[in-house]
Each structure stands twice: as structure tokens, then as C-alpha cells.
Amino acid sequence: MQSLRRALADARNHLEAGGIDDAGLEAEVLLRHALDVSRPVLYIHLDDTLSTDAASRFETYIERRLAREPAAYITGHREFYNLDLAVTPATLIPRPDTETLVDVAIELAKGLQSEMREMLTIADIGTGSGAIAIALATALPRARIIATDSSPEALQVAEANARHHGVVDSIEFRLGDLLQPLTEPVDLIVANLPYVATDDYLALEPEVRDYEPRSALDGGPDGLDVIRRLLAMAPQRLSEHGAIALEFGAGQTVPLETLASKLFPAARTRIHTDLAGRPRVISIRLT
Ligand SMILES: C[S@@+](CC[C@H](N)C(=O)[O-])C[C@H]1O[C@@H](n2cnc3c(N)ncnc32)[C@H](O)[C@@H]1O
């Protein structure tokens, strides 16, 4: 029989020896999951004895983490934009970088809302866990949101997350390729689509390459295959005063700006940086 403190220290050492970054934090997250307790409760009870059942769950979680499974898939949760979201291997684990895309989308939506009399329609393309759509529905209660994905399993997770956060009535979930499920013009297209170049994808850390869906990450030879297809479809699906906000990766600023100016010569295009100061989002406003 061990105290929680001892179990935590041993697990941290194991994870560290297995080459896991942030071993202390990861051990704590997994112990809290084994005990189903919050952080403050864990710290109050650090000198309590770990029950046999919880010890066996914790051991399994540590083994899975040592096999490089991301902690978010082990716990089934990830926080995004202050929302606790369920995630499964069918969904990408939402990244903090994507919060920049949500901020840009909210700014664009508020600008559009102030110019429009009708209700704003926003499409989140490739919604995954529903992270972006749910964050937008929470921040913009007057908007109508359509969330699409080509993965039916991901859409199920997204819908359950929307229900959990009380916004399921503001979001319509549609299955299909990129903008094909949009049968009506939308005012704002927001998307965090696959944008990793295939060679970079193959060299990613095992947590990502071996566990997250390839269809959520691999964007073809230069990473821009899926985004290029979306941009080519967008003129037919955007309303007259519409806008687009897309997340992208390193080295893609210039090709995206060039593409945007070719497809939308009269639009106002801007690049937005993430919290680390890296170019991360392109916004394109038709008016
Ligand atoms: C990078 S993940 C983003 C998930 C979520 N929006 C987020 O930011 O956490 C990309 C998502 O796009 C979806 N996807 C990939 N190709 C697609 C396509 N052609 N049409 C619709 N969705 C697609 C994937 O299934 C995946 O859920």
C-alpha cells in the first residue's frame, strides 16, 4: 500500500525515464483520472493511501502513456477555450494554437453582425471534437452555426460535446466533404483543416502520428491540398459580405496569401499571429 504522494513520485520517475515531457504534470493528470478527483482534492489527500483499484487503474494509465498514447485520449478529455471537451481517437485533440482562430472568428463575426440585419450563419468545416463550433456558439449566442466533418465518428463526439455545453440547438451537424454539405450561402467560414505536409507528418512525435487521426493532420505534399480545395469551393458558398478564417502552419503564409489574392482579388486579407507570435490564421473579408 502506497500513499498518493509516493505513487505520484514513482509514476513521474517512470514517465521521465520513458522520455515523456512534463512527466510530473502528466502523472498528476493520470492520477486524478484514476481517482476521479479535482486538483485541489488530490493535493489535500496526498498522504492518504491509494486503494488497490485506483492503483491498478493508475498503473494501466501510466503504461498506456509510456506507449506514447496522449493523456487526453486516456482521460477522454481536453480543455479548450475554457470548455471541457470529450475527445476520442476519432477526433484531433484540440490545440491551444486554435484558440487564436476562435478569437479571429469572433472578431470577424461581431463585425459582420453589426452590418447585418439577419442572423449570422457560420460554418465550422472539419469540426472534429466540435471545439471551434462550440466555442463560437458559446461566445455568439445569436449566430446559427453549421459544423461539418467527413468523419461520422467525429461528428458524434462533437454533437455530444455541444449537448454537454448546452449549445446543441445552435449548431447543426452535417457530414460531408468540405463545403459540400452547405446548401445555403454562409457569412463566415472557419476551418482548422489538415495542413501538415506529408513528410513532416511522418516525422511527427509518436503521440500525434500513431494516435491522432491521419485524416485530421496530413495535408498532402505541401500541406495545403485540403485548404486549396476549400478555398476553390468558397466563392460559391459565401454570402456577398462573407469572410473566411483558416488556421495554417509554418512556411504557408506566402502560398496562402498568393492563393487568396488570386481567388479573391478584391478582398481584405490579414495574417494573425498566435500567442507565440507565429503566423497562424489567415482572414479573408470579401467587403
Ligand atoms: C485539424 S482537425 C481539426 C479539428 C477541430 N476543428 C479542432 O480544431 O480541434 C481537421 C478535421 O477536419 C476533418 N476533415 C479532414 N478532411 C476533411 C474534408 N475533406 N471534409 C470535411 N472534413 C475534413 C477531419 O476529420 C478533422 O476532424
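Biologist: Which residue just after α2 takes a positive phi?

Modeller: Asp 36 does, with a phi of about 55°. The helix labels follow DSSP: a helix is a run of H or I of at least four residues, a strand a run of E of at least two, and both are numbered from the N terminus. This is a predicted model, in which local features need pLDDT of at least 70 and side-chain atom pairs pLDDT 80 or more, while totals for chains, interfaces and linings use all residues. Residues are numbered from 1 along each chain as its sequence is written, and side-chain values use heavy atoms, with hydrogens and water left out.

Biologist: What length does α2 have, and how does its span compare with the expected one?

Modeller: Helix α2 covers residues 23-35, which is 13 residues, and its first and last C-alpha atoms are 18 Å apart. The expected span is 1.5 Å times one less than the number of residues. For α2 that expectation is 18 Å, and the model comes close to it.

Biologist: Which residues of α2 are buried, and what covers them?

Modeller: The buried residues of α2 are Ala 23, Glu 26, Ala 27, Glu 28, Leu 30, Leu 31 and Ala 34. The elements covering them include α1 (4-17), α3 (39-44), α4 (52-66) and α5 (71-75).

Biologist: Asp 22 lies in the loop between α1 and α2. Why is Asp 22 called exposed?

Modeller: Residues under 20% relative accessible area are buried, those over 50% exposed and those in between partly exposed, with a 1.4 Å probe and protein chains only. Asp 22 has 58%, so the word for Asp 22 is exposed. Asp 22 also has a positive phi of about 50°, although this residue is not a glycine.

Biologist: Leu 178 sits in the loop between β5 (171-175) and β6 (186-191). Why is Leu 178 called buried?

Modeller: Leu 178 has a relative accessibility of 6%, and therefore counts as buried. Leu 178 is not a glycine either, yet has a positive phi of about 40°.

Biologist: Which residues come nearest to the ligand?

Modeller: Of the 18 residues around the ligand, the nearest are Gly 126, Asp 149, Asp 177, Leu 178 and Asn 192. A residue is taken as near if one of its heavy atoms lies within 4 Å. The shell around the ligand divides into 7 nonpolar, 8 polar and 3 charged residues. In that count Ala, Val, Leu, Ile, Met, Phe, Trp, Tyr, Cys and Pro are nonpolar, Asp, Glu, Lys and Arg are charged, and the others, Gly among them, are polar.

Biologist: Which protein atoms lie 2.7 Å, 2.8 Å and 3.2 Å from a nitrogen atom of the ligand?

Modeller: At 2.7 Å there is a polar side-chain atom of Asp 177. At 2.8 Å there is a polar backbone atom of Leu 178, and at 3.2 Å a backbone N or O atom of Ser 150. On its own the ligand has 590 Å² of accessible area, and the protein covers 95% of that.

Biologist: What makes the pair Thr 198 and Asp 218 a polar contact?

Modeller: A polar contact is a pair of N or O atoms within 3.5 Å; within protein, one must be able to donate a hydrogen and the other to accept it, and residues adjacent in sequence count only if both atoms are side-chain atoms. The side chains of Thr 198 and Asp 218 are joined by such a contact at 2.7 Å. Thr 198 is in helix α9 (residues 198-202).

Biologist: Why is Thr 148 called buried, and which residues does Thr 148 contact?

Modeller: Thr 148, in strand β4 (residues 144-149), has a relative accessible area of 1%, so Thr 148 is buried. Contact means heavy atoms within 4.5 Å. Leaving aside neighbours within four places in sequence, Thr 148 contacts residues including Asp 124, Gly 126, Leu 155, Arg 174 and Leu 178.

Biologist: Why is Glu 240 called exposed?

Modeller: Glu 240 has a relative accessible area of 65%, and so is exposed. Glu 240 belongs to strand β7 (residues 238-247). Not counting residues up to four places away in sequence, Glu 240 touches Leu 286 and Thr 287.

Biologist: Why is α7 called largely enclosed?

Modeller: Helix α7 (residues 131-139) has 9 residues, and 7 of them are buried, so the helix is largely enclosed by the rest of the structure. Those buried residues are Ala 131, Ile 132, Ala 133, Ile 134, Ala 135, Leu 136 and Ala 137.

Notes:
Accessible areas come from the Shrake-Rupley method with a 1.4 Å probe; for residues, only the protein chains shown count as cover.
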